[in-house]
Amino acid sequence: MKPVEIKKGIYWVGAVDWDIRDFHGYSTNKGSTYNSYLVIDDKVTLFDTVKSGFQGEMLHRIHQIIDPKKIDYLVVNHLEMDHSGSLPQVLGEIQPEKVFTSPLGQKAMQAHFHYQDWPVNVVKTGDVLSLGSRSVHFLETRMVHWPDSMFSYIPQEKLLISNDGFGLHWATSQRFHDQLDQAELMSHAAKYYANILLLYSPLIQKLLATVGEMKLDIDTIAPDHGPVWRDPGKIIKAYDCWSRQEAWSKAVVVFDTMWHSTEKMAKAVADALIDEGICVKLMNLATCHRSDVMTEALDAKALVFGSPTLNNGMLPRMADMLTYMRGLKPAGKIAAAFGSYGWSGEAVKHINEYLADMKLEVIDPGIRHQYVPDHAMLHKCRELGLKVAQAVKDSGVPVCACQL
Ligand code: FEO
(Lines give C-alpha, C1' and ligand atoms only; values in the text may rest on other atoms or scores of the structure.)
Protein backbone atom coordinates (compact mmCIF):
# COMPACT_ATOMS: atom_id res chain seq x y z
CA MET A 1 0.00 0.00 0.00
CA LYS A 2 1.38 3.39 -1.01
CA PRO A 3 1.49 6.36 1.37
CA VAL A 4 -1.80 8.26 1.26
CA GLU A 5 -1.86 12.04 0.94
CA ILE A 6 -4.42 13.21 3.50
CA LYS A 7 -3.79 16.91 2.86
CA LYS A 8 -1.54 18.59 0.29
CA GLY A 9 1.98 17.59 1.35
CA ILE A 10 0.80 15.58 4.39
CA TYR A 11 0.88 11.80 4.16
CA TRP A 12 -0.34 8.82 6.13
CA VAL A 13 2.75 6.61 6.38
CA GLY A 14 1.66 4.23 9.14
CA ALA A 15 1.15 0.48 9.22
CA VAL A 16 -1.82 -1.88 9.08
CA ASP A 17 -1.88 -4.76 11.54
CA TRP A 18 -4.28 -7.27 10.03
CA ASP A 19 -3.45 -9.95 12.59
CA ILE A 20 -3.73 -8.43 16.05
CA ARG A 21 -6.58 -10.03 17.97
CA ASP A 22 -5.89 -8.92 21.54
CA PHE A 23 -4.98 -5.45 22.73
CA HIS A 24 -4.31 -5.74 26.46
CA GLY A 25 -7.57 -7.57 27.03
CA TYR A 26 -9.64 -5.86 24.31
CA SER A 27 -10.59 -8.18 21.43
CA THR A 28 -9.41 -6.52 18.24
CA ASN A 29 -11.18 -9.04 16.08
CA LYS A 30 -10.71 -7.04 12.90
CA GLY A 31 -7.13 -5.92 13.46
CA SER A 32 -5.87 -2.36 13.83
CA THR A 33 -3.67 0.32 12.32
CA TYR A 34 -0.80 2.30 13.79
CA ASN A 35 -0.90 5.66 12.06
CA SER A 36 1.93 8.06 11.57
CA TYR A 37 1.88 11.20 9.47
CA LEU A 38 4.64 12.85 7.47
CA VAL A 39 4.50 16.60 6.81
CA ILE A 40 6.68 17.91 4.00
CA ASP A 41 7.72 21.48 4.81
CA ASP A 42 10.95 23.42 5.40
CA LYS A 43 11.29 21.19 8.44
CA VAL A 44 10.16 17.72 7.38
CA THR A 45 8.27 16.33 10.35
CA LEU A 46 7.04 12.88 11.29
CA PHE A 47 4.16 12.66 13.77
CA ASP A 48 4.25 9.46 15.80
CA THR A 49 5.69 6.09 14.95
CA VAL A 50 4.42 2.51 15.04
CA LYS A 51 4.48 -0.64 17.12
CA SER A 52 7.78 -2.52 17.20
CA GLY A 53 7.97 -4.83 14.19
CA PHE A 54 6.05 -2.45 11.90
CA GLN A 55 8.81 0.13 11.45
CA GLY A 56 9.96 -1.46 8.19
CA GLU A 57 6.48 -0.97 6.74
CA MET A 58 6.42 2.66 7.89
CA LEU A 59 9.92 3.44 6.65
CA HIS A 60 9.15 1.83 3.29
CA ARG A 61 6.20 4.20 2.90
CA ILE A 62 8.33 7.19 3.89
CA HIS A 63 10.97 6.13 1.35
CA GLN A 64 8.36 6.45 -1.40
CA ILE A 65 8.08 10.16 -0.56
CA ILE A 66 11.47 11.21 0.79
CA ASP A 67 14.71 9.79 2.14
CA PRO A 68 13.89 9.15 5.85
CA LYS A 69 17.21 10.78 6.77
CA LYS A 70 15.74 14.07 5.54
CA ILE A 71 13.22 14.05 8.38
CA ASP A 72 14.14 16.97 10.65
CA TYR A 73 11.63 16.62 13.46
CA LEU A 74 9.83 13.75 15.14
CA VAL A 75 6.79 14.54 17.29
CA VAL A 76 5.91 11.86 19.85
CA ASN A 77 2.35 12.49 20.98
CA HIS A 78 2.11 9.39 23.18
CA LEU A 79 4.49 6.82 24.62
CA GLU A 80 2.33 3.70 24.77
CA MET A 81 4.25 0.97 22.99
CA ASP A 82 1.82 0.59 20.09
CA HIS A 83 3.09 4.02 18.95
CA SER A 84 6.56 4.20 20.46
CA GLY A 85 7.78 0.59 20.46
CA SER A 86 9.86 1.16 17.32
CA LEU A 87 11.38 4.47 18.50
CA PRO A 88 14.94 3.16 19.00
CA GLN A 89 15.05 1.67 15.49
CA VAL A 90 13.29 4.63 13.86
CA LEU A 91 15.53 7.19 15.56
CA GLY A 92 18.57 5.18 14.50
CA GLU A 93 17.35 5.23 10.93
CA ILE A 94 16.16 8.83 10.52
CA GLN A 95 18.43 10.60 13.04
CA PRO A 96 16.22 13.66 13.38
CA GLU A 97 17.54 17.01 14.49
CA LYS A 98 14.91 17.20 17.26
CA VAL A 99 12.32 15.02 18.96
CA PHE A 100 9.33 16.78 20.54
CA THR A 101 7.19 15.37 23.31
CA SER A 102 5.18 16.60 26.30
CA PRO A 103 6.78 17.04 29.76
CA LEU A 104 5.29 13.75 30.94
CA GLY A 105 6.14 12.24 27.56
CA GLN A 106 9.80 12.99 28.21
CA LYS A 107 9.59 11.22 31.57
CA ALA A 108 7.79 8.24 30.04
CA MET A 109 10.30 8.11 27.18
CA GLN A 110 13.17 7.97 29.63
CA ALA A 111 11.41 5.33 31.74
CA HIS A 112 10.68 3.18 28.70
CA PHE A 113 13.89 3.50 26.72
CA HIS A 114 16.54 4.70 29.19
CA TYR A 115 18.04 6.79 26.41
CA GLN A 116 21.29 8.72 26.72
CA ASP A 117 21.57 11.04 23.77
CA TRP A 118 18.24 11.39 22.00
CA PRO A 119 17.66 15.05 20.99
CA VAL A 120 14.49 15.38 23.08
CA ASN A 121 12.74 18.76 23.40
CA VAL A 122 9.85 19.22 25.79
CA VAL A 123 6.76 21.08 24.55
CA LYS A 124 3.70 21.95 26.55
CA THR A 125 0.20 23.28 25.98
CA GLY A 126 0.36 26.54 24.07
CA ASP A 127 3.81 25.98 22.60
CA VAL A 128 4.06 26.52 18.86
CA LEU A 129 6.60 24.91 16.57
CA SER A 130 7.23 26.41 13.14
CA LEU A 131 7.78 23.96 10.31
CA GLY A 132 8.11 26.69 7.68
CA SER A 133 4.81 27.34 5.93
CA ARG A 134 2.94 25.57 8.72
CA SER A 135 3.02 25.61 12.50
CA VAL A 136 2.22 22.96 15.09
CA HIS A 137 0.28 23.97 18.20
CA PHE A 138 0.61 21.51 21.05
CA LEU A 139 -2.18 20.64 23.46
CA GLU A 140 -1.46 18.27 26.34
CA THR A 141 -4.36 15.89 26.93
CA ARG A 142 -3.23 14.42 30.23
CA MET A 143 -4.98 11.15 31.12
CA VAL A 144 -6.71 10.95 27.76
CA HIS A 145 -5.66 8.36 28.12
CA TRP A 146 -2.09 8.36 29.52
CA PRO A 147 -0.38 11.12 31.51
CA ASP A 148 1.84 11.94 28.52
CA SER A 149 -0.89 12.09 25.84
CA MET A 150 -0.84 15.14 23.57
CA PHE A 151 -2.61 16.52 20.49
CA SER A 152 -0.82 18.34 17.67
CA TYR A 153 -2.86 20.93 15.78
CA ILE A 154 -1.84 22.44 12.45
CA PRO A 155 -4.07 25.50 11.95
CA GLN A 156 -3.01 26.22 8.36
CA GLU A 157 -4.40 22.79 7.45
CA LYS A 158 -7.32 22.74 9.93
CA LEU A 159 -5.82 19.41 10.94
CA LEU A 160 -5.82 17.85 14.41
CA ILE A 161 -3.45 14.92 14.91
CA SER A 162 -5.17 13.38 17.88
CA ASN A 163 -3.15 10.33 18.84
CA ASP A 164 -5.49 7.77 20.51
CA GLY A 165 -8.37 10.26 20.69
CA PHE A 166 -11.04 9.56 18.04
CA GLY A 167 -9.24 6.33 17.15
CA LEU A 168 -10.54 2.83 16.61
CA HIS A 169 -9.17 -0.63 16.01
CA TRP A 170 -10.03 -1.79 12.49
CA ALA A 171 -7.57 -2.92 9.84
CA THR A 172 -8.81 -1.52 6.54
CA SER A 173 -7.39 -0.74 3.11
CA GLN A 174 -9.23 2.60 3.08
CA ARG A 175 -7.73 5.53 4.94
CA PHE A 176 -10.71 7.89 5.24
CA HIS A 177 -13.80 7.42 7.37
CA ASP A 178 -16.21 8.29 4.55
CA GLN A 179 -14.91 5.38 2.45
CA LEU A 180 -16.07 2.82 5.03
CA ASP A 181 -19.33 1.20 6.04
CA GLN A 182 -20.69 3.78 8.47
CA ALA A 183 -22.52 1.40 10.82
CA GLU A 184 -19.46 -0.79 11.24
CA LEU A 185 -17.24 2.27 11.57
CA MET A 186 -19.26 3.67 14.46
CA SER A 187 -19.49 0.29 16.17
CA HIS A 188 -15.67 0.07 16.19
CA ALA A 189 -15.44 3.69 17.41
CA ALA A 190 -17.92 2.90 20.22
CA LYS A 191 -15.97 -0.22 21.16
CA TYR A 192 -12.75 1.79 21.33
CA TYR A 193 -14.39 4.45 23.48
CA ALA A 194 -16.02 1.91 25.81
CA ASN A 195 -12.83 -0.08 26.33
CA ILE A 196 -10.10 2.57 26.29
CA LEU A 197 -11.59 5.93 27.14
CA LEU A 198 -14.76 5.43 29.19
CA LEU A 199 -12.88 5.79 32.46
CA TYR A 200 -11.72 9.25 31.38
CA SER A 201 -15.16 10.53 30.33
CA PRO A 202 -15.17 13.54 32.71
CA LEU A 203 -11.78 14.63 31.31
CA ILE A 204 -13.04 14.15 27.76
CA GLN A 205 -16.01 16.41 28.52
CA LYS A 206 -13.53 19.05 29.73
CA LEU A 207 -11.30 18.52 26.70
CA LEU A 208 -14.21 18.94 24.29
CA ALA A 209 -15.14 22.15 26.13
CA THR A 210 -11.53 23.40 25.98
CA VAL A 211 -11.28 22.69 22.25
CA GLY A 212 -14.61 24.50 21.82
CA GLU A 213 -13.39 27.53 23.82
CA MET A 214 -10.15 27.64 21.83
CA LYS A 215 -12.32 27.81 18.71
CA LEU A 216 -9.93 25.54 16.85
CA ASP A 217 -10.91 25.42 13.22
CA ILE A 218 -10.79 21.70 12.44
CA ASP A 219 -11.94 20.02 9.24
CA THR A 220 -9.88 16.86 9.60
CA ILE A 221 -8.96 14.68 12.57
CA ALA A 222 -6.11 12.26 12.04
CA PRO A 223 -5.92 9.74 14.90
CA ASP A 224 -3.21 7.14 15.43
CA HIS A 225 -5.61 4.20 15.00
CA GLY A 226 -8.25 3.72 12.34
CA PRO A 227 -9.33 6.07 9.56
CA VAL A 228 -8.78 9.81 9.13
CA TRP A 229 -12.01 11.70 9.83
CA ARG A 230 -12.78 14.11 7.00
CA ASP A 231 -15.60 16.28 8.30
CA PRO A 232 -15.24 15.08 11.90
CA GLY A 233 -18.61 16.34 13.21
CA LYS A 234 -19.94 12.81 13.51
CA ILE A 235 -17.17 11.49 15.75
CA ILE A 236 -17.11 14.68 17.86
CA LYS A 237 -20.86 14.33 18.45
CA ALA A 238 -20.38 10.68 19.35
CA TYR A 239 -17.66 11.58 21.88
CA ASP A 240 -19.98 14.13 23.41
CA CYS A 241 -22.74 11.48 23.82
CA TRP A 242 -20.38 8.79 25.09
CA SER A 243 -18.48 11.01 27.49
CA ARG A 244 -21.77 12.14 29.03
CA GLN A 245 -22.54 8.41 29.30
CA GLU A 246 -25.88 8.98 27.60
CA ALA A 247 -28.04 5.88 27.88
CA TRP A 248 -31.29 4.85 26.30
CA SER A 249 -33.97 2.22 26.86
CA LYS A 250 -31.56 -0.70 26.67
CA ALA A 251 -30.50 -3.43 29.08
CA VAL A 252 -27.56 -5.83 28.99
CA VAL A 253 -28.18 -9.16 30.69
CA VAL A 254 -24.78 -10.76 31.06
CA PHE A 255 -24.32 -14.17 32.58
CA ASP A 256 -22.24 -17.29 32.87
CA THR A 257 -23.68 -20.69 33.60
CA MET A 258 -22.52 -24.08 34.82
CA TRP A 259 -25.40 -26.48 34.14
CA HIS A 260 -27.82 -24.04 32.43
CA SER A 261 -29.75 -23.06 35.58
CA THR A 262 -28.43 -19.48 35.62
CA GLU A 263 -28.95 -19.39 31.85
CA LYS A 264 -32.64 -20.21 32.36
CA MET A 265 -32.86 -17.42 34.92
CA ALA A 266 -31.12 -15.00 32.52
CA LYS A 267 -33.58 -15.80 29.75
CA ALA A 268 -36.56 -15.23 32.06
CA VAL A 269 -35.15 -11.83 33.12
CA ALA A 270 -34.44 -10.91 29.49
CA ASP A 271 -37.85 -12.04 28.24
CA ALA A 272 -39.63 -9.79 30.74
CA LEU A 273 -37.49 -6.81 29.68
CA ILE A 274 -38.22 -7.53 26.01
CA ASP A 275 -41.94 -7.82 26.70
CA GLU A 276 -41.80 -4.36 28.27
CA GLY A 277 -40.27 -2.90 25.12
CA ILE A 278 -36.71 -2.56 26.40
CA CYS A 279 -33.91 -3.28 23.91
CA VAL A 280 -32.08 -6.29 25.37
CA LYS A 281 -28.65 -7.74 24.74
CA LEU A 282 -28.43 -11.20 26.29
CA MET A 283 -24.73 -12.01 26.55
CA ASN A 284 -23.34 -15.35 27.64
CA LEU A 285 -19.73 -14.91 28.75
CA ALA A 286 -18.91 -18.30 27.27
CA THR A 287 -19.46 -16.78 23.83
CA CYS A 288 -19.20 -13.00 24.32
CA HIS A 289 -15.88 -11.26 24.97
CA ARG A 290 -15.62 -8.86 27.90
CA SER A 291 -14.81 -6.00 25.52
CA ASP A 292 -17.98 -6.64 23.50
CA VAL A 293 -20.03 -6.62 26.71
CA MET A 294 -18.44 -3.24 27.56
CA THR A 295 -19.39 -1.93 24.14
CA GLU A 296 -23.04 -2.89 24.67
CA ALA A 297 -22.93 -1.51 28.21
CA LEU A 298 -21.74 1.89 26.94
CA ASP A 299 -25.22 3.19 26.09
CA ALA A 300 -27.36 0.76 28.15
CA LYS A 301 -29.37 2.09 31.09
CA ALA A 302 -29.51 -1.25 32.91
CA LEU A 303 -26.95 -3.95 33.56
CA VAL A 304 -28.07 -7.28 34.99
CA PHE A 305 -25.53 -9.91 35.99
CA GLY A 306 -26.02 -13.64 36.56
CA SER A 307 -23.60 -16.23 37.88
CA PRO A 308 -23.87 -19.53 39.68
CA THR A 309 -21.74 -20.08 42.76
CA LEU A 310 -18.48 -21.97 42.38
CA ASN A 311 -16.23 -22.57 45.39
CA ASN A 312 -18.02 -19.90 47.44
CA GLY A 313 -17.63 -17.28 44.71
CA MET A 314 -18.82 -16.42 41.24
CA LEU A 315 -17.66 -18.14 38.06
CA PRO A 316 -14.22 -16.91 36.93
CA ARG A 317 -15.46 -15.33 33.70
CA MET A 318 -17.93 -13.19 35.66
CA ALA A 319 -15.19 -12.10 38.07
CA ASP A 320 -13.08 -11.19 35.03
CA MET A 321 -15.99 -9.23 33.52
CA LEU A 322 -16.77 -7.30 36.68
CA THR A 323 -13.13 -6.51 37.42
CA TYR A 324 -12.67 -5.21 33.87
CA MET A 325 -15.91 -3.21 33.97
CA ARG A 326 -15.19 -1.73 37.40
CA GLY A 327 -11.91 -0.35 36.06
CA LEU A 328 -13.70 1.41 33.22
CA LYS A 329 -16.20 3.10 35.56
CA PRO A 330 -19.56 3.01 33.78
CA ALA A 331 -21.82 5.55 35.47
CA GLY A 332 -25.49 6.28 35.95
CA LYS A 333 -26.78 2.77 35.40
CA ILE A 334 -29.40 0.59 37.07
CA ALA A 335 -28.16 -2.85 38.13
CA ALA A 336 -29.25 -6.17 39.60
CA ALA A 337 -27.93 -9.72 40.04
CA PHE A 338 -29.13 -13.29 40.10
CA GLY A 339 -27.74 -16.82 40.07
CA SER A 340 -28.22 -20.46 40.92
CA TYR A 341 -26.23 -22.37 43.52
CA GLY A 342 -25.78 -25.82 45.03
CA TRP A 343 -25.17 -25.42 48.77
CA SER A 344 -23.56 -22.09 49.71
CA GLY A 345 -24.68 -19.47 47.15
CA GLU A 346 -22.36 -16.47 47.62
CA ALA A 347 -22.13 -15.40 43.95
CA VAL A 348 -24.98 -12.86 44.08
CA LYS A 349 -23.55 -11.28 47.23
CA HIS A 350 -20.14 -10.93 45.57
CA ILE A 351 -21.65 -9.49 42.39
CA ASN A 352 -23.55 -6.96 44.48
CA GLU A 353 -20.29 -5.91 46.13
CA TYR A 354 -18.86 -5.10 42.70
CA LEU A 355 -22.03 -3.20 41.76
CA ALA A 356 -21.81 -1.15 44.96
CA ASP A 357 -18.14 -0.50 44.26
CA MET A 358 -19.10 0.83 40.83
CA LYS A 359 -21.73 3.04 42.48
CA LEU A 360 -24.45 1.64 40.22
CA GLU A 361 -28.04 1.88 41.39
CA VAL A 362 -28.79 -1.63 42.64
CA ILE A 363 -32.59 -1.86 42.57
CA ASP A 364 -33.04 -5.33 44.06
CA PRO A 365 -31.16 -7.44 46.62
CA GLY A 366 -30.84 -10.12 43.93
CA ILE A 367 -32.28 -13.55 43.31
CA ARG A 368 -30.67 -16.86 44.23
CA HIS A 369 -31.98 -20.33 43.50
CA GLN A 370 -30.78 -23.71 44.67
CA TYR A 371 -30.06 -26.03 41.76
CA VAL A 372 -32.52 -26.02 38.84
CA PRO A 373 -35.14 -23.22 38.67
CA ASP A 374 -38.78 -24.29 38.59
CA HIS A 375 -41.71 -22.32 37.19
CA ALA A 376 -42.10 -20.36 40.41
CA MET A 377 -38.47 -19.27 40.31
CA LEU A 378 -38.62 -18.38 36.63
CA HIS A 379 -41.66 -16.26 37.46
CA LYS A 380 -39.58 -14.53 40.15
CA CYS A 381 -36.84 -13.89 37.59
CA ARG A 382 -39.45 -12.48 35.28
CA GLU A 383 -40.55 -10.16 38.06
CA LEU A 384 -36.95 -8.99 38.42
CA GLY A 385 -36.92 -8.23 34.70
CA LEU A 386 -40.18 -6.28 35.05
CA LYS A 387 -38.72 -4.33 37.97
CA VAL A 388 -35.63 -3.43 35.95
CA ALA A 389 -37.82 -2.43 32.98
CA GLN A 390 -39.91 -0.15 35.18
CA ALA A 391 -36.80 1.46 36.62
CA VAL A 392 -35.48 2.08 33.10
CA LYS A 393 -38.78 3.72 32.13
CA ASP A 394 -38.93 5.75 35.34
CA SER A 395 -35.42 7.06 34.69
CA GLY A 396 -36.75 8.96 31.70
CA VAL A 397 -34.11 7.79 29.23
CA PRO A 398 -35.10 8.08 25.56
CA VAL A 399 -36.53 5.08 23.77
CA CYS A 400 -34.05 5.48 20.92
CA ALA A 401 -30.26 5.57 20.92
CA CYS A 402 -28.36 8.83 20.37
CA GLN A 403 -28.46 9.36 16.58
CA LEU A 404 -24.87 9.52 15.37
FE1 FEO B 1 -2.77 3.54 20.94
FE2 FEO B 1 -2.50 4.51 24.19
O3 FEO B 1 -1.97 3.73 22.62
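Two strands are taken to pair if DSSP finds at least two bridges between them; helices (H or I, at least four residues) and strands (E, at least two) are DSSP runs, numbered from the N terminus. The structure is a predicted model, in which local features need pLDDT of at least 70 and side-chain atom pairs count only at pLDDT 80 or more, whereas totals for chains, interfaces and linings use all residues. Residues are numbered from 1 along each chain as its sequence is written, and side-chain values use heavy atoms, with hydrogens and water left out.

The protein chain contains 12 helices and 25 strands. Its radius of gyration, taken over C-alpha atoms, is 24 Å, close to the 22 Å given for 404 residues by the globule rule (2.2 Å times the number of residues to the power 0.38), so the chain is as compact as a globular protein of that length. The C-alpha trace spans about 75 × 40 × 35 Å along its principal axes. Of the 404 residues, 59% are buried, that is, under 20% relative accessible area with a 1.4 Å probe and protein chains only; exposed denotes over 50%, and partly exposed the range in between. Among contacts (heavy atoms within 4.5 Å) with a separation of 6 or more, 73% involve residues 24 or more positions apart.

An open sheet of mixed pairing is formed by 6 strands in the order β12-β13-β14-β15-β16-β17. Strands β12 (128–130) and β17 (229–230) stand at the edges with a single partner strand each, so one side of each is left without a neighbour in the sheet.

Within this sheet, β15 (residues 159–163) runs parallel to β16 and is joined to it by 4 bridges; L160 has I221 as its bridge partner in β16. On the other pairing, β16 (residues 220–223) and β17 run antiparallel and are joined by 2 bridges. Here T220 has R230 as its bridge partner, and I221 stands opposite W229. The two strands form a hairpin with 5 residues between them, and G226 in the turn has a positive phi of about 80°. In a regular strand the side chains alternate between the two faces of the sheet. Both faces of β16 are covered, with T220 and A222 buried on one side and I221 and P223 buried on the other.

Residue R382 lies in helix α12 (residues 375–394) and counts as partly exposed because its relative accessibility is 28%. Leaving aside neighbours within four places in sequence, R382 is in contact with A268, D271, A272 and D275. The C-alpha atoms of R382 and P330, 52 residues apart along the chain, are separated by 25 Å.
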